[in-house]
Amino acid sequence: MSHRFSPLPVFLLVCWVGLAGAPTSQAQRLTPLSPQARLSLVTVLPGEAAYELFGHSAIRLQDPVRGIDALFNYGTFQFDALFLPKFVYGELDYLLWVSAYQRELPHYRERGRSVIEQELRVTPAQRDAIVQFLEINAQPENRTYRYQFLADNCSTRIRDVLERTLDGNVRFSDAYENPGTYRALLDRYVDHLPFLKLGFYLVLGEPADRPADARASMFLPINLMEAFDTAEIRSDSAWMPLVVRTDTTYWNPRADALRSGYPVWPLTWLVLGLGAWLTWKRRDASDGVVPYFDRILFGVVGLAGALMFFLWFIALHDVTNQNWNLLWAWPTHLVAAGLMRRRPEGLRYYWMATACVSAIALLGWPLWPQALHPAVIPVVLLLVLRSGWLVWSTRRR
């Protein structure tokens, strides 16, 4: 069974995909087209659910003479039992699917997601070149591609289709209002969901902090829509605006009223406060609640570190590489947590190294090439505090 999804995001178990309806048969031959046929970029704005946060892009082909109203969608993948492992590993293939536009639209209305359409100023020859390319691309032997979060998704594919088929006759403006880094671009969509934003900061590595120019920023559907607004196309040696007109097919006036989630920082500071209180009140205790607290603390941090390690060194994702969070989130903490029950003397040097490196991570927090989430600072402070206490408690007497 196939499902339609918006291909943006990479946050572990959260699949940044937006359902767009059931596919229809691709057997119908679309070309040749009548002179009245036209092409449009369809942009579906973000919704409230996590998998709808980044929106979606597709190409619409309308030919009233031939009765064609089709949507070319690069945001489709085959959903099966191996989807989640493939997604986490970075081996998920997406494909181009052609479906009936009027079958897709009601789904977005039901989800309260606004739909904007930009009709393209293309000559019949240019239009036919684009459609023929899409038809060939949609064939079973050609329609599959390896999804990449920042470089190859449903939005970038549409940009690339125009650049390849129009052969230098389309140009996108280099002017873009301070696009910043990839992470900064993503922040705009998750600022109202603090825990989800924290997840992004934990698993996306230093590549997310590299500058994203105007072209690269088109990996986001809204950015692609804005790029089309300022793009130009050459017709009869004259450069004209690429977009003839923009129509709002459906608008949800409540779409901007996004519900905000609970902030993360009160929780992490509360955990630090609890750890500091236990350290002070039970500083001489070797049993009771303190060992359980340490096992949970280092076990959870170690589990997070193991996931970061996997996403960097084993998974195929590029954007999760060079993750500087591993300065404080050591995968080995997971093993150390399991060995803490008897507090072997050999771990004393491990806790000493943990305290020193975690302190270095804190001191260099604003200097590292990767943006680290400020809500994590209390956790790293707690690692310094508890590992330092473990060094003191295992000293020779």
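The model is predicted. The protein chain contains 12 helices and 13 strands. Of its 397 residues, 53% are buried. Among contacts between residues at least 6 apart in sequence, 77% join residues at least 24 apart.

**Packing around helix α4**

- Helix α3 covers residues 124-137 and helix α4 covers residues 154-165; the two pack at an angle of about 125°, with their axes 9 Å apart.
- On the α3 side the contact is made by A129, I130, F133, L134 and N137. On the α4 side it is made by R157, V161, L162, R164 and T165.
- Helix α4 also packs with helix α7 (residues 221-230), at an angle of about 25° and with the axes 9 Å apart.
- Angles under 35 degrees count as roughly parallel, so α4 is roughly parallel to α7.
- In this second contact, S155, I158, R159 and L162 of α4 meet P221, L224 and F228 of α7.

**Packing of helices α11 and α12**

- Helix α11 (residues 347-363) and helix α12 (residues 377-393) have axes that come within 8 Å and cross at roughly 150°.
- Since angles over 145 degrees count as roughly antiparallel, α11 is roughly antiparallel to α12.
- The crossing of α11 and α12 is left-handed.
- From α11, the residues in contact are R348, W351, M352, T354, A355, S358, A359 and L362.
- From α12, they are I377, V380, L381, L383, V384, S387, G388, L390 and V391.

**Aromatic pairs**

- A search of the whole structure finds 14 aromatic pairs.
- One of them joins Y94 and Y145, with 6.3 Å from centre to centre and 45° between the planes, and is classed as tilted.
- This pair links distant parts of the chain, 51 residues apart: Y94 belongs to strand β7 (residues 93-100) and Y145 to strand β9 (residues 144-146).
- Both Y94 and Y145 are buried.
- The two tyrosines are also part of a cluster in which ring pairs link Y74, Y94, Y145 and Y147.

**Charged groups over rings**

- R183 places its charged end over the ring of Y201, at 4.8 Å from the ring centre.
- R386 lies over the face of W389, and here the distance to the ring centre is 4.3 Å.

**Loop residues with positive phi**

- D167 is a residue other than glycine with a positive phi, near 50°.
- D167 sits in the loop between α4 and β10 (170-171).
- The relative accessibility of D167 is 64%, so D167 counts as exposed.
- S237 is likewise not a glycine, and its phi is positive, near 70°.
- The loop that holds S237 runs between β11 (232-235) and β12 (238-241).
- S237 has a relative accessible area of 66% and is therefore exposed.

- F200 belongs to helix α6, which spans residues 194-203.
- With a relative accessible area of 4%, F200 is buried, because the cut-off for buried is under 20%.
- The C-alpha atoms of F200 and H373 are separated by 9.3 Å, while the two residues are 173 residues apart along the chain.
- V300 is part of helix α9 (residues 289-314).
- V300 has 53% relative accessibility and so counts as exposed, the cut-off for exposed being over 50%.
- Between the C-alpha atoms of V300 and A337 the separation is 9.1 Å, and these residues are 37 residues apart along the chain.

Methods: Residues numbered from 1 in each chain as written. Predicted model: local features only at pLDDT ≥ 70, side-chain atom pairs only at ≥ 80, totals over all residues. Heavy atoms only, no water. Phe/Tyr/Trp six-rings, centres within 6.5 Å; stacked < 30°, edge-to-face > 60°. Helix = DSSP H or I, 4+ residues; strand = E, 2+ residues; numbered from the N terminus. Buried < 20%, exposed > 50% of the residue type's maximum accessible area, 1.4 Å probe, protein only. Lys NZ or Arg CZ within 6 Å of the ring centre and 35° of its normal. Axes fitted to C-alpha atoms, helices over the stretch in contact; angles between N-to-C directions. Contact = heavy atoms within 4.5 Å. Parallel < 35°, antiparallel > 145°, perpendicular 65-115°, else oblique. Left-handed = near helix turned anticlockwise from the far one by under 90°.
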